[in-house]
Amino acid sequence: MSRGTPVSAPGHLYTWVDVDEHFARLAVNGEWAPWLVEVSAYWDGVELSVAAGTDPAEVWAWLAERLGPLTVDESRETVLLESLVDGETALPVRLLRVDDPVGAVRTPRWNERQVVRELAESLPAPDRPEFRDGGVQVCAFHSFKGGVGRTLHCVALARELAGRGRTGAGGAGRVLLVDADMEAPGISWMVGAQGGRLDFALDDFLALLQGSATAEERARTVALARKFLVNQEHEGVIVLPTTRDATRIGPPRIQPADLLTADRSPYVLTEALAELAAALGADTVLVDLRAGSSELSAPVLLDPRVHRVLVTTVSDQSVQGTVNLLNHLAHHAPSRRGTDPVCSVLITQFQPRDHDSELLQAAAALREAVARTVAGSDEAADDADAGAGGVLPTDQDVTSEPLISPFLASLLALPRSWSEVADRIDRTGLRSVVSGLADALRPPAPPVAAAGAVPDDINVRREKLEVLARTLVYADVADSPQAQDGFLTTEPLLSLVSTHRTEAPIEVVVGAKGSGKTFTYLRMCRCRTWKDFGEAAGVPGIELGAPLVPVLASANLAARVGDQVEEVRSASAKALTGSEPATFPAIRDLVRESLDRNLDDIGWRRVWLACLARAAGLVGTTTQDADRVVTALARAKQAVFVIDGLEDLFQEFSTDPRQQRALRALLTGCPEWLRSLRGRPLGLVVFVRRDLVLAAVPQNTAQFLERHRAYELRWNRTEALRLVAWVCTQARALEAQSVDVRSAAGDQLSELLAPVWGQKLGSDHSREARSEEWFIAALSDFTLQIQARDIVSFLTRAALGSTGDTRWTSRLLAPTAMRRALPVCSAEKIDAIGQENPPVGRLFTHLQQLPESVRKVPFSLESVELDLQQARLLATNGVIFQEGDQYWMPEIYRHGLRFTPSGNGRPRVVSIAKLVGNRAEHG
């Protein structure tokens, strides 16, 4: 059966080499006659080994079909080669009948010596799924072209791993760094320039291995190598140079392919390196290979147990060469077992803004090529029912997404010595680029339970998590005692409180849909005073004890929650004026009635001041005397007014100029007036959706958002992980932690969350996506932001789906449940936004009703029947992102809108997200 496009008859055959290679291509493509055993071409002829009883006429007919009727001369039994005189050069064909065919001997070479049917198959898998010395990982760096930063990043990874070993973070072993660039060694020169000892080298090891026919002899070779290599350590990195003779030109006398004899394992080199690392106390082997498709690299790259890292720039030649190499790996040595690592690609030397297009195209081509190197996964197969269409595309995006390393001018010209290069790597932050590779090679050890501790049954803890997370999905029902006991202080809220210890805040808190605005508003109201809110946020030294006065609230609050807010309003109003405040409906009516009048900015400012006065108990305040009444209140009292639920009042904000003017007065005019009051006795905190701000302040929008950026509710990666950890601890689903979740750093949060979702969406040593990376990719938008509502919704669904699971009892959330939760959360998000934001909801309905053939990502506006104004509205809400003439959707929207990947090889969600993040990082 053919593997792909049929192999065409050769255009030109110059020598027997062309004949041999053509038959090899036929074999690889599965175009092999059933009677054909082997083809052997030499300078003096071609031998075809055929099964006994094969009709010669059938053989010649097949040859004429595969080589061309004018190339095969049956009468002379020859294959005609190119020559100046027709028929002058002919290669004799000899048929050898085979009664009992012997199986082919396969070795890890790019060009195998036997041309047989088995070339259509991948190489035989190693006997053991892991290297003989369990725990040793082997990682090889390779590049199609030289000068792409391969060696530099390999050394950076070695230093990162060794650094973690010295600090006990993620492993305590050394690193064995092998310079296997046998024709242009780089690491060897660094160490030589340092003046370090070079008593033992790779060419010594290869020569000793060639003479080691038995296991005992190989053990002696390893022991001898260890004796000298222990003296070649540099801060946890043991260097095995290419050669001891720096003046030598050319490859060593004994090359890796020379070890591929019938009496040895085909993977003898990688296994021996793993044994050597174990003897040295190293748990990782890093191999810096020669660039290009040399047989010097084949024995290492063709071992599927090796974590293969291919380095490339964005240049087309480098990318296509890397894709070709990945295609060869997909055929010869794919990742088949669950423990076989996925190939990694590292894209280097690009300018973040100048090479956006090239970076996207390169990432797309390379991602697809990496995905082809994975021949299925036992663990993923267990989760094959995770959503429509099997395992989610997010899994593949995360596991096959290229790493990126932007151009750094300081790395163009490197110093000579190892220590100087190491210092340059550390100063440029190159180690952070390869930190993901370090995580893959040394996953953090799972937490060890305290001695004598007997945790609750895992399903009981899953149920606790599901119950609390469900109460937090919508802030209007987030009144459970557990939710109120603790208060997660995010960076924006910490800034809001800490910068207003003595002076009332007059600030606009911007947040996207589901970012936690209403939840924060309710938590603020329940504290009753600014001082108590500051203390709940963990900020000491708050002197302002002004009461908090709710002015407007979401119309969708549950009755019991609304009653709590009304109680706070009443108490605050009585403390300020001794009177009951106007009700929420009455204040909404004032705003709605004002929308029917053609008010200017000053008129609207007075409307809002009247709303503040009435919320404080001065219910007789009119828009004509609002300035005077509020000024009088400011002379006698201090207060902080709080507003939420503006989207209920202004549902046509995107198109109605009156609603836009009303919002603009509240967000700019009213705060400006309050700031003019000496001493700022009256504060105002307005919680508002980002899309309302963009519509209301069309001019100087960037300046407005920048002014309030410190208080914007943005959930970046760290804040998102912190929220997960906080919810789990509040639900008593995790054991008590010695680290305060509210102040934990990124690495600490990753460690805290290991019991929640494990290291990967599978066993910790599987090739599945890393759980944390998958979570971020699945729930992020294209600015790498995640909404709080999506996080707690995901936890609700994943915890519910995990309850009863008996396989993954060491973690709260089972991989299957996590995968299944994403499409459900996406659908819930679409429904919620549709109800809360009617203009966007109508566009959602339109998109969902498109034919299935049209609902593909990426898409053009014409294909989905949207105009530019509608596209801007969706982009403002984070639903779509434009790159060139194509539009993309984050996964958290795509599933709910029932769009599917087009599969046309264009960039996917993770690449787009990285691109946007790169732009933001580099300005």
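Cys154 counts as buried, at 0% relative accessibility (buried means under 20% relative accessible area, exposed over 50%, partly exposed in between, with a 1.4 Å probe and protein chains only). This is a predicted model: local features need pLDDT of at least 70, side-chain atom pairs count only at pLDDT 80 or more, and totals for chains, interfaces and linings use all residues. Residues are numbered from 1 along each chain as its sequence is written, and side-chain values use heavy atoms, leaving out hydrogens and water.

**Cysteines**
- The disulfide count is zero, where a disulfide is a pair of cysteine sulfur atoms within 2.5 Å.
- For Cys154, the closest cysteine sulfur is in Cys139, 6.9 Å away and too far for a bond.
- Cys525 is buried too, with a relative accessible area of 1%.
- Its closest cysteine sulfur, in Cys527, lies 9.1 Å off, too far for a bond.

**Nonpolar cores**
- A nonpolar core is a set of buried Ala, Val, Leu, Ile, Met, Phe, Trp, Tyr and Cys residues joined through side-chain atoms within 4.5 Å.
- The largest has 75 residues, and Val727, Phe775, Phe794 and Leu813 have the most contacts inside it.
- Helix α29 (residues 717-730) gives the largest share of this core, eight residues.
- Apart from it lies another core of 60 residues, including Leu269 and Val345.

**Helix packing**
- Helices α9 (residues 316-332) and α10 (residues 356-372) pack at about 10°, with axes 8 Å apart.

Conventions:
Helix = DSSP H or I, 4+ residues; strand = E, 2+ residues; numbered from the N terminus. Axes fitted to C-alpha atoms, helices over the stretch in contact; angles between N-to-C directions.
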